[in-house]
Amino acid sequence: METVCLDEIDSTQKYLIQNIKNDTLKPPVAITCELQTDGIGSRGNSWIGKKGNLFLSFAIKRSLLPNDLKIESSSI
C-alpha cells in the first residue's frame, strides 16, 4: 500500500478523494498527516485533534471487501 505522509492538510479524506478522482493516486493508498485543520468524522461530525494525533484516510479496491459487508459500513 502506498502511504502519503503530509505535515499539514485540511482533510486527509478530501485529499484522498480529490486525488483518486483526478487519477493522481490509485488504491490501495493511505494518507496521513501531522495536523489536519478541517477533518471529516462519521455521520457529519468534524474530526478535530492536536498536532501529532492520528489523522488517517485510506482506500482499497471495492473488490477486496467481504461480499457480506454493507457498503455503508466500509467508510468507518
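A surface patch here is made of residues with over 30% relative accessible area and no salt bridge, where like charges are joined within 9 Å and nonpolar side chains (Val, Leu, Ile, Met, Phe, Trp, Tyr) within 5 Å. A salt bridge is a side-chain nitrogen of Lys or Arg within 4 Å of a carboxyl oxygen of Asp or Glu. Accessible areas come from the Shrake-Rupley method with a 1.4 Å probe, and for residues only the protein chains shown count as cover.

The model is predicted: local features need pLDDT of at least 70, side-chain atom pairs count only at pLDDT 80 or more, and totals for chains, interfaces and linings use all residues. Residues are numbered from 1 along each chain as its sequence is written, and side-chain values use heavy atoms, with hydrogens and water left out.

Along the principal axes, the C-alpha atoms fill a box of roughly 35 × 25 × 20 Å. Of the 76 residues, 24% count as buried (under 20% relative accessible area; exposed is over 50%, partly exposed in between; 1.4 Å probe, protein chains only).

Three strands form an open sheet of mixed pairing, in the order β1-β2-β5. Its edge strands are β1 and β5, each of which pairs on one side only. Neighbouring strands of this sheet are turned by 20° against each other on average, direction ignored; the axes are lines fitted to C-alpha atoms, for helices over the stretch in contact, and angles run from 0 to 180 degrees between N-to-C directions.

Strand β2 (residues 29-36) has six of its eight residues buried. With β1 (residues 2-9), β2 pairs in the parallel sense over seven bridges; two strands pair if DSSP finds at least two bridges between them. Val4 stands opposite Ile31 in β2, and Ile9 has Gln36 as its bridge partner. With β5 (residues 55-59), β2 pairs in the antiparallel sense over five bridges, and Val29 stands opposite Ala59.

The nonpolar surface patch consists of Met1, Leu54, Leu56, Phe58, Ile60 and Leu64, with about 650 Å² of accessible area together. Leu54 lies in the loop between β4 (46-47) and β5 and is exposed, with a relative accessible area of 64%. In a regular strand the side chains alternate between the two faces of the sheet.

Notes:
Helix = DSSP H or I, 4+ residues; strand = E, 2+ residues; numbered from the N terminus.
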